[in-house]
Amino acid sequence: MLIALIGRDKPGALQVRLDNRADHVEYLKSSGAVSQAGPLLDEAGEMCGSLVVLDVADMAEAEAWAAADPYAKAGLFASVELVPWKKVI
């Protein structure tokens, strides 16, 4: 099951993102659940959120993955949305 995680950073939290980026990227690479991922950008080209496409068994696994993300543990996100996604192209 593919699930899109859309995380929006708290305002003014760029330093929190930068401070936890290495751990987050390592988690993306090592978890075995990530199909694709990258930061969302604001009008100035600064990172302001995350888009992660997870390939997991079910929504419960996606929720557990999201809770264990170093960004989530650091309190970076103002909101996180998990949406089932269907790859067409």
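## A buried charged pair and its surroundings

Both Arg 17 and Asp 9 are buried in this predicted model. Their side chains meet in a salt bridge, with 2.7 Å from N to O. Side chains of opposite charge can pair when their charged atoms come close. How many salt bridges does a search of the whole structure find? The search finds one.

**Ser 50, a neighbour of Arg 17**

Arg 17 has another partner to look at: its side chain makes a polar contact with the side chain of Ser 50, at 3.0 Å. You can find Ser 50 in strand β3. Is Ser 50 buried or exposed? Its relative accessibility is 2%, so Ser 50 counts as buried, the limit for buried being under 20%.

Leaving aside residues up to four places away in sequence, Ser 50 touches Leu 5, Ile 6, Gly 7, Arg 17, Gly 38, Pro 39, Leu 40, Tyr 71 and Phe 77.

| Pair | Kind | Distance |
|---|---|---|
| Arg 17 and Asp 9 | salt bridge | 2.7 Å |
| Arg 17 and Ser 50 | polar contact | 3.0 Å |

**An aromatic pair**

Among the residues touched by Ser 50 are Tyr 71 and Phe 77, and both of these are buried. The structure holds two aromatic pairs. In one of them, the ring centres of Tyr 71 and Phe 77 are 6.1 Å apart and the ring planes stand at 80°, so this pair is edge-to-face.

**The nonpolar core**

Now for the largest nonpolar core, which has 11 residues: Ile 3, Leu 5, Tyr 27, Leu 28, Ala 33, Val 52, Leu 54, Val 56, Ala 62, Trp 65 and Ala 66. At least two of its residues come from each of β1 (2-9), α1 (14-30), β3 (47-55) and α2 (59-68). Which element supplies the largest share of this core? That is α2, with three residues.

Val 56 is one of the core residues. Not counting residues up to four places away in sequence, Val 56 touches Met 1, Ile 3, Ala 33, Glu 61 and Ala 62.

**The chain as a whole**

An unreviewed UniProt entry places the feature "domain: YCII-related" at residues 1-86. Over residues 1-86, the chain is 36% helix and 40% strand. The end C-alpha atoms of that stretch are 8 Å apart.

Technical notes:
Residues numbered from 1 in each chain as written. Predicted model: local features only at pLDDT ≥ 70, side-chain atom pairs only at ≥ 80, totals over all residues. Heavy atoms only, no water. UniProt positions renumbered as here; feature names shortened; annotations may be inferred. Helix = DSSP H or I, 4+ residues; strand = E, 2+ residues; numbered from the N terminus. Phe/Tyr/Trp six-rings, centres within 6.5 Å; stacked < 30°, edge-to-face > 60°. Buried < 20%, exposed > 50% of the residue type's maximum accessible area, 1.4 Å probe, protein only. Core = buried A, V, L, I, M, F, W, Y, C linked by side-chain atoms within 4.5 Å. Contact = heavy atoms within 4.5 Å. Salt bridge = Lys/Arg side-chain N within 4 Å of Asp/Glu carboxyl O. Polar contact = N/O pair within 3.5 Å; in protein donor to acceptor, adjacent residues only side chain to side chain.
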